[in-house]
Amino acid sequence: MFMMRLVLSVLGYFGLIVFAYIFWNNVPQRLFGAPLAGIVVDRATGKPIPGAYVSYLWESATDPKGFFGSGGRDICYHAAGTTADAAGRFHVDGWSEWSTYRVTNQDPQALVYAPGYEATTFILHEGSFEPPIPRLRERYALRSFSGTNEQRIKNLFWGFANRGCDYGKESKKSLYPMMRAVYFEIRPLASTPSEHEIAESVAGLTATTALAIDPNGPVQVERERTFIEENLK
Amino acid sequence: MNVRADIVVLVLTAGLSAAASAYEQATHALVTKYAFESSPLAPEAGNLPPLVRSLGLDTWSPLGAGYDYFEMSTQFSNGIPIAHIAQAYEREIVKYLGANPDIDPIRAWLMYGAIREDDNKTEDPPTPQDVAPGLRRPLSHFYDPYNNLKLNSPALADLAREINKAPDWAMGSPDAFEQPNTPQTPRDNTFTVFDAREAMLRALTLETYDGSGYVDVAGASTPAERQRFRRMYWATVFRALGDVLHLNQDMAQPQHTRNEPHAGKYCSWIPRCPGGHSSVYEKYMKARALGTTAFDLDQPYNKPVTIWPLAIPAGSYPIPAFASYADYWSTGKGPASLVGKGLANYSNQGFFTAGKNLDSTEYPSPPHHLDAFTVRTMPARRWDGTVTTNPAPTYVLFGSVTDSWQGSVASNVPLTTFGLWDEFLEKRGALPRYTLNRFNYDAMADLLIPRAVAYSAGLINYFFRGVLEVTRPDEGVFALADHADPTGFTRIRAKLRNATPDFAAKNGSTQVQSMTSGDLIAVIKYHRDLKYSPSLDGVVGVAPCDEPLTVVIEQNPDATTHCRDGVEQIIVSPPIRGVSIGNGSEQLVEFDFSATPIPFGVTDVVLQVVYRGTLGGETHAIAVGSVDLSEPTYFTYHNATDYIRIADRVYTRPEVEQDLNLISQIQPRSCVDEGVSPPVLRPDCAQPVSLDLAVMFDEQLEPLAMATDLRHRRFVRFAYLTVADESASPPAEAARFARLKLVSQVHGSPTAGLPQQDSTCMPRDPVEAKARLMQVRHITWQQYALPISRMARLRGVNGWTTTSCVLNGSDAASETPDDRKAKMAPLKRDSDEFKPFPVTIMPKYLAGQP
């Protein structure tokens with residue numbers, strides 16, 4: 001009797017582990033972003049910057065599926081881009097979707113760009129990871145840019161235009177207006193071969209953003225080229 | 001055993017198996033980009049470098065459309081490849097680094113491989129997967145040189161089969177150190193050195209070695225498909241090599257050489273974070289690679305970290321030149337590891353890790369006693385550069401890092417930090433501990449990343465070290481054929497010199513890279529001349545195919561025009577087996593193309609010679625030499641002694657006979673019968689002659705081609721292949737063979753040469769013999785020149801270098817021009833006159849001849 005109970009107990013525990021394993025592996029989670037709104041201003045004068053581009057990237061390291069998940073890559077799983085109105089104000093709706101992506105749902109980073117100002121990334125939340133919360137009084141103060149063409153290209157590209165949102169699916173299309181504007185600012189500034197190559201990279205990234213190309217799909221070189229030819233020349 | 005224990009074991013297994021992330025993919029891609037730029041594959045002053053030309057990759061789209069490649073699977077017989085398409089994923093990452101994949105396909109594919117080596121089937125969203133079922137590739141990204149171990153933990157026993165030492169995984173060998181030339185068959189990893197080598201052989205020849213001979217691997221595919229396959233194999237070479245570089249770059253991450261998992265998993269469930277802490281160093285390096293101002297950390301930190309941007313240093317560390325692949329990982333085990341020269345040796349003995357810091361005694365170096373360090377008190381500076389207002393300082397321990405390869409020591413390196421602060425200088429704990437913060441990681445990166453770049457560049461150099469210099473034989477041409485015979489070229493003769501540079505053995509001595517008992521294969525690459533006709537009436541170089549843009553479409557040289565087939569084809573010779581060429585030695589070789597002769601109707605001709613065999617310590621190495629050949633270059637010789645030159649004009653005999661003014665100029669005067677009125681030409685003078693001809697280059701005594709009894713109104717024409725670019729190295733030798741010497745004499749005449757009074761030949765001997773060109777000659781991948789040689793016509797016959805001999809009727813100086821080109825009537829078409837008269841070709845150039 002004791003042995004039977006022991007065996008049942010072990011089987012029960014084992015079943016629990018198997019159930020937990022399957023459950024852990026396959027249950028989608030609800031990913032969401034809270035509403036975001038605010039104003040973009042000139043840091044020196046405090047005046048609003050109409051037409052400033054505000055793009056949010058929801059990013060996370062991937063948490064491996066099941067017990068064999070790895071300390072995986074960092075991915076961007078959602079994007080939302082908008083433009084400030086005449087008063088420098090902007091608003092981004094909240095969003096929600098079910099996803100199998102094993103990511104940590106948290107506040108996004110904000111990428112803010114306006115011609116003549118330093119392209120700047122704002123971290124919305126510091127400290128431990130927390131789920132997104134509505135942030136309707138954001139204030140992004142941009143510093144006027146002063147520097148060489150080379151410095152400007154670096155400012156616009158590194159850590160900014162080279163972010164993209166690979167796994168943002170259709171949402172990454174919202175980044176297109178900002179990417180396009182950045183590209184058209186970089187292109188005439190480029191003078192060295194490496195700067196021209198950066199400009200071409202931005203064109204490519206702009207195209208893949210606009211086309212919402214699936215990173216796990218085959219490369220779509222011709223689609224990209226056609227898009228650039230038709231929209232970025 | 002209770003339930004909790006069961007769970008722990010299972011989770012431990014899972015956690016550790018997942019613990020194998022390495023430098024992040026963007027970091028690998030950037031290091032690979034830097035390595036490429038330090039390697040001989042990188043452009044030189046904006047031009048394609050010699051190595052790229054030697055590999056034959058100085059063509060349009062040499063690696064294909066940018067996405068097709070093969071997986072060299074050993075799961076099937078004889079490595080039948082599986083076609084794959086690159087994913088948008090790797091292309092995006094390359095662009096994130098400011099590199100356009102379309103500008104340099106070699107760089108792109110190396111970076112693709114470096115990215116895709118991290119394929120891991122357990123992620124969602126999934127990483128792309130090449131093999132099915134997918135692999136946990138990162139498990140094999142570790143190598144502890146001190147203990148000679150792969151990623152190792154009792155909890156990983158269930159996954160032992162999946163885990164390999166990084167150098168073994170990179171080589172594709174069961175033991176990269178002890179059996180470097182033995183491929184593991186079958187093997188899970190199909191992007192190894194062995195696979196890159198096999199792909200390279202196929203890319204060059206479309207053949208593989210089946211154990212007894214070389215067999216075609218494309219079957220009866222169309223020329224276009226065969227070209228596509230070759231390009232896919234080239235893409236595979238660089239893709240696989242990129243994977244290999246990734247595996248070496250991981251050795252510049254001390255957690256990968258000190259057996260420290262860093263999955264960042266299960267820390268909240270199980271004490272002490274059994275899968276290892278999330279790697280701060282790797283996440284931080286990725287942020288630096290991309291220039292971002294923040295990065296996220298997994299367990300146990302679970303937080304974003306804000307930083308100021310700081311570029312990753314490429315550095316200028318000397319590029320190692322070790323004589324075996326494994327040495328780039330490690331040159332010594334156990335205590336010998338501490339003075340080893342491999343990258344794993346360096347990082348293992350030189351640096352602490354988050355989990356194996358100074359208070360760990362697992363490794364003897366860096367030392368774990370304080371007197372080996374200089375301790376300095378420093379304010380606690382956070383990762384974003386701000387200094388905390390809390391006055392509690394940090395104690396930074398500065399030590400030395402020894403570089404046994406360079407024999408140098410980096411002093412005052414901040415190897416670790418001691419104090420109450422956490423690694424982010426944000427929280428204070430109750431007890432002091434050793435941590436690594438940004439200050440320490442920056443110092444690590446300054447030393448490790450430039451070495452990762454240099455070691456990767458060294459691996460590229462080593463893989464492509466085999467250099468064959470291909471030059472012309474003494475006769476001055478690579479191939480020679482009578483154009484009266486439609487067969488084409490049946491033999492290639494060339495001098496080969498083993499110009500492979502020396503590499504260093506483990507003990508520092510020079511290891512000469514001799515070629516031993518290998519096989520030589522000649523490959524002729526060409527495009528078909530679609531207008532070619534044996535009469536040369538139609539050929540590239542003759543209207544309408546005499547303008548570059550009628551021959552090639554500017555935007556796409558791959559496209560076929562009505563003049564030139566856009567597809568590059570190859571003809572491969574049978575191998576010459578058992579060849580040994582000592583380093584620096586030269587050898588004359590003859591390749592037999594009699595089974596598949598090289599046709600006359602070709603453009604863009606390139607000769608590649610491929611050596612496959614032992615090179616230094618590698619048994620199945622490949623060495624390549626290429627020479628850009630001329631297009632079939634024609635020498636035509638007309639016996640035009642049916643014409644008589646008087647002063648600066650030529651005339652037919654009837655014209656002379658009817659013109660007293662011309663007769664009055666005839667020399668010698670003995671040829672004129674002045675005993676009659678009006679005077680007439682004597683019948684035995686100024687009559688057409690039959691000629692014997694011998695042609696050779698400059699001082700060569702042995703004729704290349706000979707014709708006997710060449711009657712008037714007939715011509716001979718032979719074709720040869722020489723160096724296309726006379727400025728190519730070695731230029732002195734190229735220039736030496738730029739002139740053809742002619743010896744012609746009246747058939748049956750005992751005199752050695754044709755006396756001037758008998759004839760005058762234009763142009764005069766020696767004849768400038770320029771190479772005939774029609775080729776897309778790339779300056780960069782996107783820019784190319786299009787030299788095209790236009791054919792000249794004489795007597796209705798198209799030719800390239802053309803000499804004609806007429807009778808000399810007035811002692812005219814032979815070097816002065818005359819009007820023969822315009823004056824001489826065309827030869828009769830549809831008659832023997834219009835066909836080349838047979839010439840005898842030097843037997844050395846005919847297959848089957850001694």
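**A strand pair and its surroundings**

Modeller: Let's start with one residue pair: B:Phe398 has B:Pro414, in β9(B), as its bridge partner. Before going on, a word on the source: this is a predicted model, where local features need pLDDT of at least 70, side-chain atom pairs count only at pLDDT 80 or more, and totals for chains, interfaces and linings use all residues. Residues are numbered from 1 along each chain as its sequence is written, while chains are lettered from A and ligands numbered from 1 in the order in which they are written.

Now the two strands: β8 (residues 394–403) and β9 (residues 408–421) of chain B are joined by eight bridges and run antiparallel. Strands here are DSSP runs (E, at least two residues), as are helices (H or I, at least four), numbered from the N terminus; two strands pair if DSSP finds at least two bridges between them. Both belong to an open sheet of four strands in chain B, in the order β7-β8-β9-β10, with antiparallel pairing. At the edges stand β7 (374–378) and β10 (428–435) of chain B, each with a single partner strand, so one side of each has no neighbour in the sheet. From one strand to the next, the twist averages 25°.

What lies across this sheet? Helix α12(B) lies across β8 and β9 of chain B, at about 160° to β9(B). (Axes are lines fitted to C-alpha atoms, for helices over the stretch in contact, and angles run from 0 to 180 degrees between N-to-C directions; contact means C-beta atoms, placed from the backbone, within 7 Å.)

As for A:Val40, leaving aside neighbours within four places in sequence, its contacts include A:Pro48, A:Ile49, A:Phe90 and A:Leu142. The two chains also meet: 54 residues of chain B are in contact with 51 residues of chain A. On chain B's side, α1(B) gives the most, with seven residues.
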